[in-house]
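I set out here what I looked up, entry by entry.

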Amino acid sequence: MGTITEMTVGSYRTPIEPPISNGRYTYASHDLCLVRVAGDDGLVGFGVGDGGVCLSAAPAMIRATVESLRPAVLGQDVLRTERIWADMWSPKLLGRRGFTTRVVSAIDLALWDLKAKTLGVSIADLLGRHHDLLPAYVAGGYYRADHDIEQLTAEMAGFVESGATAVKLKIGGATIEQDLRRVAAVRATIGDDVKLLVDANNGYRRHEAVDVARRLEAFDVYWLEEPLMPDDYAGMAAVAASSRIPIAAGENEYTRYGFRDIIEHGSATILNPDAQFVGGVTEFMKVCALAQAHDLPIAPHGSPEIHVQLAAAAPNAFLIEMARVPGDGIWDMFFPRRPVLVNGCLEVPTAIGFGIEPDEEALVACLVR
């Protein structure tokens, strides 16, 4: 069907002003990379990946990793994504759970985009579409210097007015009492019929997370996401056992083996894989199958532009994240048709591949050299 002849990558950055924070991290910019994989028939596949927002050396690391993986990709058959992934994956060299796996993810996304274009189908149809519509939640509620509780509740109310039937806010970056007041104010604002999710982004110690999980029950919280550091599987299981609020986790896991560990420890009952981190389409779909074998639901973390197509092929996918972050217009430069929320749901697109159409002219101003 075709042979891969070239692979390149660029890194791009746009500022976030003022910076935003969650339970553990502060972000002053949006950082993304774009992998381009070309076939000998002239088609090009694109993979939008993590740009290493907290790593000043990330662009150089991305370029070096892509360069090191060129021998595993170039000359391969466009359709043989499983073989290419296996040839790229060398845990002794790349790091089993870390930044270089995110680069592998971006390459794999580009390879699947190219494969779908070669066959003339969308990613969802290539994988075997199960859903045509998927419920979504709108995520925001970051800590910001220019935001108090009044601005927070206005933000969440705006999400509901735009059609959201589920919203998510950040906790873990203030005192427990302050965060409970924030959650109470949001619940009072959005009413009882809108699902309320909270995300601690690894912000608590174990005893704090147990306390928070129990006290959040009063506000009918739909899930508590990542209360502890991602490697504390036993701690997550203890938090899960302490409260009726489900624990969601997985955005910081890599490959199917990370999700195997979450499942074996009983650390979470809702799994949040991110194709930009976990290993691309190839590993994401394995995680979905692993979760399905354990009757666990999937609610992907991150880009709805990517995940609505992948989740469309997973019978156990039930909720898509739509992050709303200041200054995230860089996504418009990659996806001219970004998902729109209608009655709380996203329609699965039918565009060929992922529907990525980079605005090369606009991206020049964001290029990190």
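I took buried to mean under 20% relative accessible area, exposed over 50%, and partly exposed in between (1.4 Å probe, protein chains only). The model is predicted, so I kept to local features with pLDDT of at least 70 and side-chain atom pairs at pLDDT 80 or more, while totals for chains, interfaces and linings use all residues. Residues are numbered from 1 along each chain as its sequence is written, and side-chain values use heavy atoms, without hydrogens and water.

Entry on Thr153. I found Thr153 in helix 6 (residues 149–161); helices are DSSP runs of H or I, at least four residues, numbered from the N terminus. Thr153 counts as buried because its relative accessibility is 14%. Beyond four places in sequence, Thr153 contacts Ala185, Val186 and Thr189, contact being heavy atoms within 4.5 Å.

Entry on the cores. I used nonpolar core for a set of buried Ala, Val, Leu, Ile, Met, Phe, Trp, Tyr and Cys residues joined through side-chain atoms within 4.5 Å. The largest has 83 residues, and Leu271 is among those touching the most other members. Helix 12 (residues 280–293) supplies the largest share of this core, 6 residues. I noted a second, separate core of 26 residues, including Val9 and Val103.

Entry on helices 1 and 4. Helix 1 (residues 58–73) packs on helix 4 (residues 99–119) with axes 10 Å apart, at an angle of about 55°. Val103 of helix 4 takes part in the contact, as does Ala58 of helix 1.

Definitions and conventions. Helices (H or I, at least four residues) and strands (E, at least two) are DSSP runs, numbered from the N terminus. Axes are lines fitted to C-alpha atoms, for helices over the stretch in contact, and angles run from 0 to 180 degrees between N-to-C directions.
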